[in-house]
Amino acid sequence: MFPNSILGRPPFTPNHQQHSNFFTLSPTLYSHQQLIDAQFNFQNADLSRAVSLQQLTYGNVSPLQTSTSPLFRGRKRLSDEKILPLDGKRQRFHSPHQEATVVNQIVPLSGERRYSMPPLFHTHYVPDIVRCVPPFREISFLEPREITLPEAKDKLSQQILELFETCQQQINDLKKKELCRTQLQREIQLLFPQSRLFLVGSSLNGFGTRSSDGDLCLVVKEEPVNQKTEARHILTLVHKHFCTRLSGYIERPQLIRAKVPIVKFRDKVSCVEFDLNVNNIVGIRNTFLLRTYAYLENRVRPLVLVIKKWASHHQINDASRGTLSSYSLVLMVLHYLQTLPEPILPSLQKIYPESFSPAIQLHLVHQSPCNVPPYLSKNESTLGDLLLGFLKYYATEFDWNSQMISVREAKAIPRPDGIEWRNKYICVEEPFDGTNTARAVHEKQKFDMIKDQFLKSWHKLKNKRDLNSILPLRTAVLKR
């Protein structure tokens, strides 16, 4: 029903791992000339004749429907077995009713290349051998198994659980995002036939809410791209494609030329806001690391959700305004749970280095959780106790001036002496590439506001033991 779906919760069953090729990238990497070819494909491919845009309809969250009429009128439709890998005709097949989908790259013809933008690099044109994208297979992971929620033994813990159950992302919310990802991947492969589009971030890592935006990562090759040149060029083509070919389904597409450029847009059907970046490989890796932590212990997800809601309510959860990103907040919660006298979480990267190595190829990353059994902690603290402890830890115990938060090491470690860490107010280590995820907090005023909120909330909650004292539940539910 959902091609290349990655909706299963860990542990994934080995039977499904063996057949999934969703994460498989072609070994062929995109050269600078192939980026130019993508621009050529955008401008010269007769998409209106070769591709029938699928009608996007949701009944009760039904899959995208595709017209059953032949894509090539007046021609006999070819079966998958008869498609030749070096066919020079401009043939593109994509139908969810077929078991496999093959997208052939156009053979560039001499004298046919035209550019509305100057190419990135001035090189002599050498025709590439036409290659096929590895065929898709219909993959349907088992529905996620239900994880028993912790018992609520007091009022505060009950409030946290009720907020979590009301606001957590539902499976239908995730399916809507996955449907959009599947459709967009087919469209983007008209420009970059060997690319893959990944759903990343809170939508997939287990910490999403009903209102979470969708984060997408377009991977064109398994190596870094220059974000100022290559990534912007790629996203310029994608943005044009959205504006011209997909204007009926996508609204407000914007190309944001930031340090890491993105295309922001809204899917008209699901009404979900999306951010699309290029080759943020570490974002794919940390999505599955966090997903494993999320389902490792049943207190983790409710605690993270209430803390994100609390931080958002007090306006300290917005990296674009100099406060903490949701990713940094999640790492801070995981770090706290790792550093308790009786830890609730271990360091997965230490215990399972082979499963969470940054050297693992992308097509194997989604298998990481399958080797990790549930973690049995002797710590019996309630959700209410853990929320209080979290606020107290960062209000009175953690040394912001000299320590760095490290989930990789499962402890607070001394700050490195590098330029990225020097004179920074908050240091949170990214588990894979070692960068500072909290670098957005660069003003002392914002840092003081964050610390002050931890202290005030801890005092209020300690005295009243009522979540409403620091987070009005009615407001939190309305913004779910």
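**Exercise 1. Where does Asp275 sit, and is Asp275 buried or exposed?**

Step 1. Asp275 belongs to strand S5 (residues 273–278). Strands here are DSSP runs of E with at least two residues, helices are runs of H or I with at least four, and both are numbered from the N terminus.

Step 2. Check the surface. The relative accessible area of Asp275 is 19%, so Asp275 counts as buried. Buried means under 20% relative accessible area, exposed means over 50%, and partly exposed lies in between (1.4 Å probe, protein chains only).

Step 3. List the neighbours. Leaving out residues up to four places away in sequence, Asp275 touches Gly214, Asp215, Leu216, Ile262, Val263 and Lys264. Contact means heavy atoms within 4.5 Å.

Step 4. Compare sequence with space. Leu255 is 20 residues from Asp275 along the chain, and their C-alpha atoms are 9.8 Å apart.

This is a predicted model: local features need pLDDT of at least 70, side-chain atom pairs count only at pLDDT 80 or more, and totals for chains, interfaces and linings use all residues. Residues are numbered from 1 along each chain as its sequence is written, and side-chain values use heavy atoms, with hydrogens and water left out.

**Exercise 2. Classify three loop residues: Val269, Asn279 and Arg465.**

Step 1. Take Val269. The loop between strand S4 (262–267) and S5 holds Val269. Its relative accessibility is 24%, so Val269 is partly exposed. Cys180 is 89 residues away along the chain, yet the two C-alpha atoms are separated by 8.8 Å.

Step 2. Take Asn279. Its loop joins S5 and helix H8 (281–294). Asn279 is not a glycine, but its phi is positive, about 55 degrees. With a relative accessible area of 7%, Asn279 is buried.

Step 3. Take Arg465. Its loop runs between H14 and H15. Arg465 also is not a glycine and has a positive phi, about 50 degrees. At a relative accessible area of 30%, Arg465 is partly exposed.

**Exercise 3. What span should helices H5, H7 and H4 have?**

Step 1. Set the rule. The expected span is 1.5 Å times one less than the number of residues.

Step 2. Apply the rule to H5 (residues 171–188). Its 18 residues should span 26 Å, and its end C-alpha atoms are 25 Å apart, which agrees. Of the 18 residues, 15 are buried, so H5 is mostly covered.

Step 3. Apply the rule to H7 (residues 230–245). Among the buried residues of H7 are Glu230, His233, His239 and His241.

Step 4. Apply the rule to H4 (residues 155–167). The buried residues of H4 include Leu156, Ile160, Leu163 and Phe164. Their cover includes H9, H13, H14 and helix H15 (473–478).

**Exercise 4. How do H9, H14 and H4 pack against H13?**

Step 1. Axes are lines fitted to C-alpha atoms, for helices over the stretch in contact, and angles run from 0 to 180 degrees between N-to-C directions. Angles under 35 degrees count as roughly parallel, over 145 as roughly antiparallel, 65 to 115 as roughly perpendicular and the rest as oblique.

Step 2. Take H9 (residues 300–313) with H13 (residues 383–397). The axes come within 10 Å and cross at roughly 50 degrees. H9 and H13 are therefore oblique to each other. H9 contributes Pro302, Leu303, Val306, Ile307 and Trp310, while H13 contributes Leu383, Leu386, Leu387, Phe390 and Leu391. The contact of H9 with H13 has ten nonpolar, no polar and no charged residues. Here Ala, Val, Leu, Ile, Met, Phe, Trp, Tyr, Cys and Pro count as nonpolar, Asp, Glu, Lys and Arg as charged, and the others, Gly among them, as polar.

Step 3. Take H13 with H14 (residues 444–464). Their axes are 8 Å apart, at an angle of about 140 degrees. The residues of this contact divide into ten nonpolar, two polar and two charged.

Step 4. Take H4 with H13. The angle is about 90 degrees and the axes lie 7 Å apart. That makes H4 roughly perpendicular to H13. Leu156, Ser157, Ile160 and Leu161 of H4 meet Leu383, Gly384 and Leu387 of H13. By class, this contact of H4 with H13 has five nonpolar, two polar and no charged residues.
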